Amino acid sequence: MAEPTLEIHDLSIGVGPHNVVDGVDFDIGRGEIVALVGESGSGKSLTALSIMGLLSGSVRQTGGTATLAGNALDLDNDHAMRKLRGTALSMIFQEPVASLNPLLSVGAQVSESLVVHGRASRAEAWDRAVEMLREVGIPAPEQRARQFPSELSGGMCQRVMIASALIAEPRLLIADEPTTALDVTIQAQILDLMRRLRDETDTSVLIITHDMGVVASVADRVCVMYGGRIVEQAEVHELFSAPRHPYTKLLLATIPRLTGERKSELFSISGMVPDVASWPEGCRFRTRCPLATDRCATRPPLEAAGAGEGHLAACWHSDKVEDLA
Amino acid sequence: MSAPLLSVRGLKVHFPVATGRLFAEKPVVRAVDGVDFDLAEGETLGIVGESGCGKSTTGNAILGLAPVTEGEILFDGRDVAGLTGRDRQALWRDLQVVFQDPVSALDPKRTIAQSIAEPLEIHGVARASRKARVDELMELVGLRATQRDRYPNELSGGQRQRVVIARALALEPRVVICDEAVSALDVSIQSQVLNLLLRLQRDLGLSYLFISHDLSVVRHIADRIAVMYLGTVAEEAPTDELFRRPLHPYTEALLAAVPLPDPVAERAKTARPLQGDVPNPMDMPPGCPFAARCPLREEGCDQIRPQPIEVGPGHRLACHVREREITGSSALDRQGT
Ligand SMILES: Nc1ncnc2c1ncn2[C@@H]1O[C@H](COP(=O)(O)OP(=O)(O)OP(=O)(O)O)[C@@H](O)[C@H]1O
Ligand SMILES: Nc1ncnc2c1ncn2[C@@H]1O[C@H](COP(=O)(O)OP(=O)(O)O)[C@@H](O)[C@H]1O
Ligand code: SF4
Ligand code: SF4
Ligand SMILES: [Mg+2]
Ligand SMILES: [Mg+2]
């Protein structure tokens, strides 16, 4: 297989005394869309921010390595990471409006990374920005480029964010809940855009979402996080049809389906997501898991499970998951 | 069918927009621009639509939290649109609301028991019976008695939303407006709260006006659904009927855009997503609000506002072209004559 675009090995991130991300491994191939899913607080955003070298304050990387196209990333080296951001690495955030500079015209923001990194003159960069805006589906891009974020709708702001992330032709685009704040019809446009991008430019994408519909729609492969760890990783069809971790299986069972029986009692996972400070020893899903046994007091390794290639699960009883729910 | 508990007739809510120009004609945001619906006892009406289409403003107008520009809001046959002060407060006994964000809905300095007791206090329930009622309410929504003296920051999102629901039920309302009540919750918690709402409805005969942008959730809980677009109701139908036979082009586009949690089905989709953005409610076209994005648009659509017509039992639709397909003619054919 060709060298992966991104390889993350044993990544840990600490906040105070706790590792809120605790030994995470995954990689993303060239032109591959990988989804990172999991409950609120499971560590998705921090994982993404650390890859961008954007951890700050009391949050810091406490272990692990990352390589981008074979080159080790020095996540703590602000100068080195700054050079990569806006060139090889780009990120888009959940709140498009809040993430844009209200005082800068749309064209200036989209062209910014080219200018800052000295890759084009201001005038050339502006023309490229207009082209990029056209490509992400902004009508009348020449006029729009001169407008300010407040004059655009949320969906358009998100497309502007995507245009500024893509103008530098990054190897890896990280999108943290890129459509959560958008309406479904606009979400469908953005997801369509991400698929086209990948097809046309071979960009690798890490998309963070809690929406299993979004996962099913765009991802090639899925990593499921729970309590700061990856508990399952699989090709998208296999993850939905034959999950091997109880959390994944139960999560899929709780979603109201358009084909389900209306007003019926929905399946729900008992208990609640424990707070970082009270994560149990061993398997962190132990307090809510219907399959838990004494053995689960020891941490299960993330290892091959299920039929498909690259299907991994961190569960001592992954062979019993099929019969759950 | 018995008389509806809540009826909204010709509701308009227009907000003035500050322009800074003194003598210019004052522009308005037509947040709600002619909405009608009924809600019967024990029934759930879902309201769906894209952000800014006026779902929350409709709910807020019913609650007296947004000004009613025009129209009637009948609760049990009585117009409650203009109620203020003591009369408005009395209505809170029958009409309650659960908003999206359980964090900001609760006072961080009050314990759970104090938060739930608040409406009882305001409505003069004696201290002695308050405690018993709070315990009862906590049990009803599945909170443990040991959590009485906890503060909101010690609870999970789902638990906080239970507290908010318990407080909304304290005065035994007949109608609860749920505005994105489960939208901020994780899926595993969302299903717990939906189950709770369904059980409370069965046990207490509550009516819900369930506002949400999540179609899968609304389909699960609602008996009927009204699809809003730019301050108007594009289509309204019993839930199964709406999903089986969507007639308005906007409803069709909306249903097609919902990403299904099924990779096989998702990848089999061929339709191109609906293009364009929701227009600004300040430049509301005189005709059909959906005209700028509509794949079926014909000449005249953007000039003549389609009026809702009944196309089946409880199925209402506001679209010229589909109206003509069903009835043989529409206002488009009568223009200029
Ligand atoms: N700046 C910070 N300071 C302290 N703790 C933090 C900070 N940012 C995140 N955390 C904590 O780290 C954990 C993981 O947070 P993270 O933002 O990665 O979650 P997430 O999976 O992205 O959740 P969501 O789905 O809600 O966005 C949580 O317990 C969170 O409270
Ligand atoms: N207090 C207000 N003042 C001015 N405009 C408002 C106010 N409240 C809502 N609006 C506008 O009315 C429209 C409908 O808003 P809202 O009912 O909140 O939509 P929804 O709940 O469907 O997302 C939007 O354009 C919104 O910006
Ligand atoms: S290791 Fe044990 S507790 Fe953890 S998911 Fe598997 S069965 Fe459940
Ligand atoms: S009235 Fe015309 S523009 Fe409006 S939805 Fe129908 S066909 Fe489309
Ligand atoms: Mg996050
Ligand atoms: Mg709203």
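Start by selecting helices H7 and H8 of chain A, where A:Gly155, A:Gln158, A:Arg159, A:Ile162 and A:Leu166 of H7(A) meet A:Ile186, A:Gln189, A:Ile190, A:Leu193 and A:Leu197 of H8(A); contact here means heavy atoms within 4.5 Å. Sorted by class, this contact has 6 nonpolar, 3 polar and 1 charged residues (Ala, Val, Leu, Ile, Met, Phe, Trp, Tyr, Cys and Pro count as nonpolar, Asp, Glu, Lys and Arg as charged, and the others, Gly among them, as polar).

This is a predicted model, in which local features need pLDDT of at least 70 and side-chain atom pairs count only at pLDDT 80 or more, while totals for chains, interfaces and linings use all residues. Residues are numbered from 1 along each chain as its sequence is written, chains are lettered from A and ligands numbered from 1 in the order in which they are written, and side-chain values use heavy atoms, with hydrogens and water left out.

Now look along the pair. H7 (residues 154–166) and H8 (residues 184–201) of chain A pack at about 15°, with axes 10 Å apart. Helices are DSSP runs (H or I, at least four residues), numbered from the N terminus; axes are lines fitted to C-alpha atoms over the stretch in contact, and angles run from 0 to 180 degrees between N-to-C directions. H7(A) and H8(A) are therefore roughly parallel (angles under 35 degrees).

Next, color chain A by domain: domain 1 covers 96–170 and domain 2 covers 237–323, with bounds from an automatic or database domain assignment. Their C-alpha centres lie 41 Å apart.

Then select ligand 3. Around it you will find A:His245, A:Pro246, A:Cys283, A:Arg286, A:Cys289, A:Leu291, A:Ala292, A:Cys296, A:Pro300, A:Cys315, A:Trp316 and A:His317, each with a heavy atom within 4 Å. This shell comprises 9 nonpolar, 2 polar and 1 charged residues.

Move on to ligand 4, whose surroundings come from chain B and include B:His248, B:Cys288, B:Phe290, B:Cys294, B:Cys301, B:Cys319 and B:His320. Its shell has 10 nonpolar, 2 polar and no charged residues.

Stay with chain B and show its domains, 6–94 + 173–334 for domain 1 and 103–172 for domain 2. The C-alpha centres of these two domains of chain B are 31 Å apart, and 17 residues of domain 1 touch 13 residues of domain 2.

Last stop: H4 (residues 112–122) and H5 (residues 127–140) of chain B, whose axes come within 10 Å and cross at roughly 120°. Among the residues meeting there are B:Ile116 and B:Leu120 in H4(B) and B:Val134 and B:Leu137 in H5(B).

Notes
Helices (H or I, at least four residues) and strands (E, at least two) are DSSP runs, numbered from the N terminus. Angles under 35 degrees count as roughly parallel, over 145 as roughly antiparallel, 65 to 115 as roughly perpendicular and the rest as oblique.
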